[in-house]
Amino acid sequence: MINLILSGINGKMGKAIVNLVSNNDNFNIVAGVDLVKGDLNIPVYDSFDNVEEKADVIIDFSRPSTLDGMLAYATKTNTNLVIASTGYTSEDLLKIVNASNHIAIFKASNMSLGVNLIGNLVKQAAAFLGADYDIEIIEQHHNQKVDAPSGTAITLAHKANEAFNDSYKIVNGRSGANCKREQKEISISSVRGGNIVGKHDVLFIGKNEVVTISHEAQSREVFAEGALKAANYVFAKEKGLFDMDNLIKDMLQK
């Protein structure tokens with residue numbers, strides 16, 4: 001059994017993981033970290049500074065403000081980590097890389113296996129269709145999501161850009177831009193409303209056709225399932241930085 005500490009335990013994703021673990025004999029949540037105490041029969045702390053329990057893996061679905069305390073606890077206790085939060089700065093990402101020299105860290109902007117599979121399709125499509133097709137990404141999420149564009153949309157943009165040796169400019173919307181679209185540009189547009197779990201469309205727009213690669217999450221459970229797969233994967237690692245590509249490759253080899 002893998003013992004977990006769940007960061008963001010009383011958020012939407014935290015609750016989805018709690019529900020999933022309640023029917024899974026392979027995992028046990030020993031503690032949570034959240035500013036909201038909630039009513040779970042699990043110890044919940046407002047900071048990693050106060051956590052008393054020891055776990056095998058931390059799963060994080062919180063916010064970037066939690067990062068410093070979480071990395072300090074994880075490296076001090078030698079606890080491996082699954083990071084599913086988004087919105088990190090370049091400085092934050094460097095901290096994660098440095099911590100991975102001491103513990104194993106699994107980081108992904110989206111824990112859905114399906115989304116990560118279409119990332120590879122996006123790269124192949126960009127390489128096949130080439131510069132004659134404009135690339136536009138539309139991402140949709142619920143009205144409580146804080147960061148925009150989504151981490152997944154950014155990841156998909158970078159996947160497409162790999163086909164062009166990262167020579168394209170990634171643009172976040174066009175507000176204030178009083179000029180025509182540049183050819184070497186990948187634009188991301190964000191929609192926020194209602195209870196949309198997550199939808200991503202990558203459009204390859206040619207002169208006479210539009211090719212769309214799309215993924216829509218219909219339940220948060222798909223992300224919870226992916227996070228538990230990631231926890232199981234990173235549990236056996238000593239140190240290093242891993243992502244969904246590593247997990248998918250490992251699953252295909254079995």
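1. Aromatic pairs. In this predicted model, the count of aromatic pairs comes to four. One of them joins Phe164 and Tyr168: the ring centres are 4.2 Å apart and the planes stand at 10°, so the pair is stacked. The angle decides the matter, because planes under 30 degrees apart count as stacked. Phe164 is buried, with a relative accessible area of 14%, and Tyr168 is likewise buried, at 7% relative accessibility.

2. A pair of another geometry. Tyr233 and Phe242 form an edge-to-face pair, with 5.8 Å from centre to centre and 75° between the planes. Both Tyr233 and Phe242 are buried. Together with Phe106, these residues make up one aromatic cluster. As a reminder on reading such values, a pair of aromatic rings is described by the distance of the centres and the angle of the planes.

3. Which residues here deserve a check of the backbone angles? Asn165 has a positive phi of about 55° although it is not a glycine, and Asp166 has a positive phi of about 60°, again without being a glycine. Is Asn165 buried or exposed? Its relative accessibility is 70%, so Asn165 counts as exposed. Asp166 is also exposed, with a relative accessible area of 53%.

4. A cis peptide bond. Ala148 and Pro149 are joined by a cis peptide bond, with omega at about 0°. Pro149 belongs to the loop that runs between strand S7 (134–141) and helix H5 (151–162). The bond is worth noting because most peptide bonds are trans.

5. The five-stranded sheet. In what order do the strands of the open sheet stand? The order is S8-S9-S7-S10-S11, and the pairing is mixed.

6. Contacts of S8, S9 and H5. S8 runs parallel to strand S9 (residues 185–192), and four bridges join the two. Within this pairing, Val171 stands opposite Ser187 in S9. Helix H5 lies across S7, S8, S9 and strand S10 (198–205), and runs at about 165° to S9.

7. Strand S2 and its partners. Why may S2 be called largely enclosed by the rest of the structure? Strand S2 covers residues 27–33, and six of its seven residues are buried, so the description applies. Strand S1 (residues 2–7) is joined to S2 by six bridges, and the two run parallel. Asn3 has Asn28 in S2 as its bridge partner. S2 also pairs in the parallel sense with strand S3 (residues 44–45), over two bridges; there, Gly32 stands opposite Val44 in S3. S1, helix H1 (residues 12–21) and S2 make a right-handed β-α-β unit.

8. Asn80. This residue lies in strand S5 (residues 80–83). At 6% relative accessibility, Asn80 counts as buried, because buried means under 20% relative accessible area. What do polar atoms of the Asn80 side chain lie beside? The backbone nitrogen of Ala104 is 3.0 Å from a polar atom of the Asn80 side chain, and the backbone oxygen of Val234 is 2.9 Å from a polar atom of that side chain. Leaving aside residues up to four places away in sequence, Asn80 touches Asp56, Val57, Ile58, Ile103, Ala104, Val234, Phe235, Lys237 and Glu238.

Key. Residues numbered from 1 in each chain as written. Predicted model: local features only at pLDDT ≥ 70, side-chain atom pairs only at ≥ 80, totals over all residues. Heavy atoms only, no water. Buried < 20%, exposed > 50% of the residue type's maximum accessible area, 1.4 Å probe, protein only. Pairing = 2+ DSSP bridges. Contact = heavy atoms within 4.5 Å. Axes fitted to C-alpha atoms, helices over the stretch in contact; angles between N-to-C directions. Phe/Tyr/Trp six-rings, centres within 6.5 Å; stacked < 30°, edge-to-face > 60°. Right-handed = clockwise from strand over helix to strand, strands pointing away. Polar contact = N/O pair within 3.5 Å; in protein donor to acceptor, adjacent residues only side chain to side chain.
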